[in-house]
Amino acid sequence: MLKIENITKTFSPGTANEKRALKGVSLHMKPKDFVTVIGGNGAGKSTLLNAIAGIFSVDSGKIIIDGNDVTKLPEHQRAQYIGRVFQDPRMGTATDMTIEENMSMALRRGKSRTLRKGITKKEKDMFREYLHMLDLGLENRMSAKAGLLSGGQRQALTLLMATMTKPKLLLLDEHTAALDPKTAKKVLELTKKIIEEEQLTALMITHNMKDALKHGNRLMMMHEGNILIDLQEEQKANLQVTDLLKMFEKASGASATNDRMLLV
Amino acid sequence: MNIFTYIMSPSSFFGAISQGLLWSVLAMGVYITYRILDFADLTTEGSFPLGAAVAAKYILSGYNPIAATFIAMGYGLLAGLITGFLNTKLKIPGLLSGILVMTGLYSINLRIMGKANLPLLKQPTVLTFFSDMGMTNTRAAMILGIITAVVVILLLWALFSTELGFAIRATGNNPHMIRALGVNTDFMTMLGLMLSNALISLAGALIAQYNGFADVGMGTGTIVIGLASVIIGEVLFGRTTVVRSLFSVVCGSILYRLIIAAALERRGFQPTDLKLLSSIVLAVCLSLPLVKEKYNRIVNRKNKVKESSQEPSLTKDDTLLKGGNPSC
């Protein structure tokens, strides 16, 4: 479903601030793969995700989604394949627009915008049903502005919006990091449920090793712009956080305890 | 009526309302960039006289005034397109893009007009259709203003309820989000700027025909007038939905004209003080939220002082006993 071949990205090349964020990353994801990505600050997790989403172009390498080479496509043209949920809850919705307006825009992801009605009666009924499934009571507040929602509600809504029209690839960028532990757990449960029900291919960054071990069928650890560890389902099945840390120390030669990654 | 003796004469009152209605087209244009696109667009100060210049020139060359007015809108559209191009494709900051186009337009407007002032004396204008029916200039302007404002509100309302309209609104509100949903935000920004400046040029064309001349300097201060109308309108009449906001902006534009007219007529200001008044009115409006907050804080403090003065020693002693540093 997703094929990444040897992509590299250097920020501010040739300056004192030069940062080699991705040093030749390759990754193949099969359909229905749910990959969790962990790694310390500056490991390149977000850079990898943003490279796939097309927020910037990579310096070399190829990105292929479902057989389509998207390496040269701008961000908005990749949107037809990709659903995204961001770390900052404010990023995922247009806060001055209503919940239903936000959903109607998500329904048209990847389609060209015309002078047809922005939202129809039929769509509203459909949205009501979707929101009902979230069980947050949002189905009664559909004409409220998205800015009035709490962080958790917004992430749940964004998740719904990202998956409403089935994406080829779902990108989750620490989407529970800004939430309180209880809400984070709920949103994560919801994520898991949607991915399983819709049989999505998903890439999830998390800073929580337990979550990374618990969810998904594959786990990757990034370090200094490379994928350091790549564990398949059977390999990660009985793994504990301490095992993971040992593997990291062995593979990188660095001490995990010094790393900000240790936000277990 | 008493109110007229204290504030202004009936003729200035109705004159202000007519002017407010005509200028509301400019205010709605400014609303599109400032509020919907979140883009402080100074192109306004160039596209407003551009509309005036183009309309005057075409009327003087014998065009039908309605056709001339629409042509003026087309020129405004182009001005917006250039600002949008500078901003989105050449990555020049929005404020600067507007300033560049505004400055360039000054020369272009002079080229179009051939001189600094183009009178429209004895020429047919969009207003003469009404004055031919026996209306005064003020009344004609009021009718024209109402028709234009209603049509513009309805069209914008319709537009901002479409898929495209949603995309433009989201572009101003959260570009990251709407790009992730597959919208080319550069294109939407350009579209919004074109629409806004077409309206602003329309306003320029109408005002030139109302005043009876186009002047190269008539753009100065228009962004302040537009913003003042938007902010007065939204503060007083609300901004929950786009159509509500548009209606508020029109009311704001009328109110702004009334404030200015009252100040000019009864408070000893001269017409040349107009721009200063505009700035002061806008500064006051912009600072209102802060002033309100400060005021509330002072009121709250006073209330607290009152409460504590009623039983002063008790509360103090109480806190001393309960709290404090355990080591002392």
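In this predicted model, helix α5(A) gives the most to the lining of the largest cavity, supplying three residues. The largest cavity has a volume of about 80 Å³, and a search of the whole structure finds two cavities of 30 Å³ or more. Besides α5 (151-164) of chain A, strand β6 (82-85) of chain A and helix α9 (175-180) of chain B each supply at least two residues of this lining. Among the lining residues are A:Thr158, A:Met161 and A:Ala162, together with B:Met177, B:Ala180 and B:Leu181 from the other chain. Sorted by class, the lining of the largest cavity holds six nonpolar, three polar and two charged residues.

The second largest cavity has a volume of about 30 Å³, and its lining is formed by A:Ser104, A:Met105, A:Arg108, A:Arg113, A:Gly118, B:Glu163 and B:Phe166. The elements that give two or more residues to this lining are α3 of chain A and α8 of chain B. Here the classes are two nonpolar, two polar and three charged residues.

Helix α3 (99-107) of chain A and helices α2 (10-36), α8 (163-173) and α12 (242-266) of chain B each supply at least two residues of the pocket lining, which has eleven nonpolar, eight polar and eleven charged residues.

A look at strand β9 (residues 218-223) of chain A shows a mostly covered element, since six of its six residues are buried. On one side of β9(A) lie A:Arg218, A:Met220 and A:Met222, on the other A:Leu219, A:Met221 and A:His223, and both faces are covered. Strand β3 (residues 34-39) of chain A runs parallel to β9(A) and is joined to it by five bridges, with A:Gly39 standing opposite A:Met222. Strand β10 (residues 226-232) of chain A, by contrast, runs antiparallel to β9(A) and is joined to it by six bridges, with A:Met221 opposite A:Ile229. These two strands, β9(A) and β10(A), form a hairpin with two residues between them, and A:Glu224 in the turn has a positive phi of about 45°.

Finally, helix α4 (residues 65-89) of chain B has 25 residues and reaches 35 Å from its first C-alpha to its last, close to the 36 Å expected at 1.5 Å a residue.

Terms used
Residues are numbered from 1 along each chain as its sequence is written. Chains are lettered from A and ligands numbered from 1 in the order in which they are written. This is a predicted model: local features need pLDDT of at least 70, side-chain atom pairs count only at pLDDT 80 or more; totals for chains, interfaces and linings use all residues. Side-chain values use heavy atoms; hydrogens and water are left out. Buried means under 20% relative accessible area, exposed over 50%, partly exposed in between (1.4 Å probe, protein chains only). Helices (H or I, at least four residues) and strands (E, at least two) are DSSP runs, numbered from the N terminus. Two strands pair if DSSP finds at least two bridges between them. Ala, Val, Leu, Ile, Met, Phe, Trp, Tyr, Cys and Pro count as nonpolar, Asp, Glu, Lys and Arg as charged, and the others, Gly among them, as polar. The expected span of a helix is 1.5 Å times one less than its number of residues. On a 1 Å grid over the protein atoms alone, a cavity is a set of points where a 1.4 Å probe fits but cannot get out, and a pocket is an open set with protein on both sides within 12 Å along at least five of seven lines; lining residues have an atom within 4 Å of a point. Grid points are joined across faces, edges and corners, and a volume is the space filled by probe spheres set on the points.
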